[in-house]
Protein chains: 2
Amino acid sequence: MSGTLYGLGVGPGDPELVTLRAVRILRRLPVVAYPAPLEGASFARSVVASQLSPAQTEIAIRVPMTRSLAPAQAVYDRAAIEIGGHLKAGRDVGVLCQGDPFLYGSFIQLFDRLAPEFPTKVVPGVSSLTACAAAAGVPLVARDEILTVLPATLPEAALEKRLKLAQAAAVLKLGRHLPKVRRILKRLGLADRTTYVEHASLESQRILPLETVDSASVPYFSMILLRAGGREVR
Amino acid sequence: MSGTLYGLGVGPGDPELVTLRAVRILRRLPVVAYPAPLEGASFARSVVASQLSPAQTEIAIRVPMTRSLAPAQAVYDRAAIEIGGHLKAGRDVGVLCQGDPFLYGSFIQLFDRLAPEFPTKVVPGVSSLTACAAAAGVPLVARDEILTVLPATLPEAALEKRLKLAQAAAVLKLGRHLPKVRRILKRLGLADRTTYVEHASLESQRILPLETVDSASVPYFSMILLRAGGREVR
């Protein structure tokens, strides 16, 4: 009998925004894995640190933040082999995921490699999307409105085309891409319908008008919310 | 000192998919409100029923399910007055919201009416969007992919235009609109990239290929997920 792979959404960062199920499963897992930077602590682990015990085996998946995908792919290949070893030996393994595992989660990399071979369960989490909206007091969509969720890492032309067509939108993964996104929103006359949110639900949370954001200090975990505001579906 | 209005996301239905914060706040609230049908039990209340106590004042907001918006608007007007009365008297009021309060939540109706006047906090919840993806084992979006979230209640032409342009998509609120959405997805050659999910996270959860769904028995709380599957951004 092989073990089960769990993708555990731990929410946006506040330890209280974890679900009862994630806590219950996490406490009984013999092996816990999580993404981490090349040096330093894992954010996902920090969210649920108080739920972990020294008896658990921990696997830090240290992912290089490079523009090329190849180095990260090699890391996930090796992590899948290590996790697969525990699963084959009958040990359940939980992978901690900031936000939700299936909404831009790096867990998808491990899911694609391991789910064809091992029983896999995903525990959904509070996503950064709804956490940012809640923090900012900005409803995402109501009634018949359409929401477009898109990463700021897209090329400028693709982003502009999509934002032009969008009714409500959330632009994720801002980081160094903020000037590009701000430029587009200004050109489209949409900048004043937006709210900027960084580190939603954490002590360091900041909510600002887009025009006042200093582009030199924008973290990867930040978002621009565009309200529908009665705009027509075009 | 007026009380605080809380929008409490209680997740998709499984009582374990509630956050620690929603539980903590809910237990200490003197007044708890929730949407309910004209007759019968409230779904949102049923999710957290075990956390409620007889000492709490409950307000069932009985919303008629009509195509015209006016009757529901009148109900929310009256509910806002009743809730506002408690807030003015210094009592905190929590409004239970299936899924997340700001993603198609009826809480937005009360937020719009009460947030300008009273301190308001929103506790994000696990949305039906991520719960359906988790239940079906279908990642929503990875890397640079774009997700379009749209309600099946839109007119056929608007839906078709958006789905044609979409990379990954989630079509919510299916109910009696399923035949229309299925027709569009077939015309666009996308039907075989989809998964149908109803009642995600509940005992009654069903996950089916779209073509096998009986359109006579589709609940409002159901969703079609369209995988990006390497399609280009157009």
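**View 1. Strand β6 of chain A meets strand β6 of chain B.** Here β6(A) and β6 (residues 147-151) of chain B pair up antiparallel, over 3 bridges. Strands are DSSP runs of E with at least two residues, helices are runs of H or I with at least four, and both are numbered from the N terminus; two strands pair if DSSP finds at least two bridges between them. Look for Thr148(A), which sits opposite Thr148(B). This is a predicted model, where local features need pLDDT of at least 70, side-chain atom pairs count only at pLDDT 80 or more, and totals for chains, interfaces and linings use all residues. Residues are numbered from 1 along each chain as its sequence is written, while chains are lettered from A and ligands numbered from 1 in the order written.

**View 2. The side of chain A that touches chain B.** 43 residues of chain A are in contact with 44 of chain B (C-beta atoms, placed from the backbone, within 7 Å). β6(A) gives the most to this side of chain A, 5 residues. Other elements supplying at least two each include α1 (20-28) and α5 (128-136) of chain A.

**View 3. Strand β2 of chain A, wrapped up.** All 6 of the 6 residues of β2 (residues 31-36) in chain A are buried, so the strand is largely enclosed by the rest of the structure. Buried means 20 or more other C-beta atoms within 10 Å of the residue's own, with C-beta atoms placed from the backbone. Val31(A), Ala33(A) and Pro35(A) cover one side, with Val32(A), Tyr34(A) and Ala36(A) on the other.

**View 4. The neighbours of β2(A).** β3 (residues 57-62) of chain A runs parallel to β2(A), over 6 bridges, and Ile59(A) is the bridge partner of Ala33(A). β4 (residues 93-97) of chain A is also parallel to β2(A), over 3 bridges, with Gly94(A) partnering Val32(A).

How values were computed: Buried ≥ 20, exposed ≤ 12 C-beta atoms within 10 Å, placed from the backbone. Contact = placed C-beta atoms within 7 Å.
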